[in-house]
Amino acid sequence: MVEKYLLLTPGPLTTSEEVKGAMDFDYCTWDDDYKKITQSFRQSLLEIAQVSEEEYTAVPIQGSGTYGVESVISSTISADDKLMIAINGAYGKRISEMADIYGIEHVDLVVDEREPITLEKVTEYLDQYPDITHFAMIHCETTTGILNPIEDIIPYVKAHGIVTIVDAMSSFGGVPIDVKEEKIDYLISSSNKCIQGVPGFSFVIARKQILEATKGLSRTLSLDLYDQYAEMERNNGKWRFTSPTHVVHAFYEALAELKAEGGVVARHKRYESNQKHLATGMADLGFKLLIDETYQSPIITSFIYPNDEFDFNEFYHQLKNDGFVIYPGKISQVPTFRIGNIGEVYDEDITKLLAAIKDIISQ
Ligand SMILES: *Cc1c(COP(=O)(O)O)cnc(C)c1O
């Protein structure tokens, strides 16, 4: 058995005992009770997205978050379409890789990983490439913890008649997003991030009118978003292929806990206060933040190595001994490490973490 620790990583993250407890039964995958749970959580996701079931639908896809993104990219964009991808980190790059694999024509708008995507840059590119039909960007780029301003950019892009795709994997449920107001056609997230469930499926909040026009476009069988949607509609919440039954029950419990906490607004407040506490505490210990405060998300924070002698591996293991697991950095320009503050993580945990870090660096 491994020693228990608090996950300070942005998903999988630390979940509650009740969420873990909800998995302690072997559920049937096609039973009516199970299908009801699926239908109910699809409805809850629309509420979190602040949209109506007349205009939008929530479609789960088996697999990790990437499977949901790949489902949208591979099954809703035709061979005649042209995709623009705004990239300022690994997750934006991942969409570009998918477009390459499926032979989808694409234009990459690449920005320094330490800087946000701006409306100015997007405008410049759209002027240059007037034949763009689809646009994809990341909300919280978990690579660095930067929060891209989708609320400035997406409505502008949509006004050009372009289909809009937002990877809100690490923000949905933890940062309020008004999907309709922000003109998002496809939003993707997963079970193991801000909703605080366990890993096993992703989900897409899709504008029905747009999704329904994609029938037959899929390049794969299992990632066909339209087909999964059609099956769920036809069969009252039946998944195509084996569904992650335990994960779904844990997710259902996690949604109840989100509601009990006071919804997304309350959760956002807790995450924000965790992050502020972490950032100021670390700054007091002499660590510099990679991302400017203006664009720093309340999800995960990148810290620059304090000096050339800093040994991340040793730091990581010392912290793990103290009961905290953190993340290495993921960018090339500057050596960094990352600390997430989402999940069952509260102010007192941040206090304990900062005390442990203080002890380690003063040794
Ligand atoms: C976590 C994450 C993903 C998906 O990653 P998986 O490892 O496939 O779950 C995609 N985009 C962003 C921004 C993420 O944070």
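Biologist: Which residue has its charged end over the ring of Tyr91?
Modeller: Keep in mind that this is a predicted model. To count as sitting over a ring, the NZ of a Lys has to be within 6 Å of the ring centre. Here the distance from the centre of the Tyr91 ring is 5.8 Å, and the residue is Lys193.

Biologist: Okay, rings next. How many aromatic pairs does the count come to?
Modeller: Rings of Phe, Tyr and Trp pair if their centres lie within 6.5 Å. By this rule, the count comes to 20.

Biologist: What kind of aromatic pair do Phe172 and Phe203 form: stacked, tilted or edge-to-face?
Modeller: Their centres are 5.7 Å apart, with 65 degrees between the planes. Phe172 is in the loop between β8 and β9 while Phe203 is in strand β10, so the pair links parts of the chain 31 residues apart. Planes over 60 degrees apart get their own label, so this pair is edge-to-face.

Biologist: Is Phe203 buried or exposed?
Modeller: The cut-off for buried is under 20% relative accessible area. Phe203 has 0%, so Phe203 is buried.

Biologist: And what about Tyr305 and Phe337, which kind of pair are they?
Modeller: These two sit 6.5 Å apart, centre to centre, with 35 degrees between the planes. Tyr305 is in the loop between β12 and α11, and Phe337 is in strand β15, 32 residues apart. Stacked needs under 30 degrees and edge-to-face needs over 60, so the pair is tilted.

Biologist: Which residues form one aromatic cluster with Tyr305 and Phe337?
Modeller: Beyond that pair, the cluster takes in other Phe residues and a Tyr.

Biologist: Last one: how much of residues 47–335 is helix?
Modeller: UniProt, in an unreviewed entry, lists that stretch as "domain: Aminotransferase class V". Its end C-alpha atoms are 40 Å apart, and strand makes up 19%. Helix makes up 37%.

Terms used:
Residues are numbered from 1 along each chain as its sequence is written. This is a predicted model: local features need pLDDT of at least 70, side-chain atom pairs count only at pLDDT 80 or more; totals for chains, interfaces and linings use all residues. Side-chain values use heavy atoms; hydrogens and water are left out. UniProt positions are given in the numbering used here, feature names are shortened, and annotations may be inferred rather than shown by experiment. Helices (H or I, at least four residues) and strands (E, at least two) are DSSP runs, numbered from the N terminus. Rings of Phe, Tyr and Trp (its six-membered ring) pair if their centres lie within 6.5 Å; planes under 30 degrees apart count as stacked, over 60 as edge-to-face and the rest as tilted. Buried means under 20% relative accessible area, exposed over 50%, partly exposed in between (1.4 Å probe, protein chains only). A charge sits over a ring if NZ of Lys or CZ of Arg is within 6 Å of the ring centre and within 35 degrees of the ring normal.
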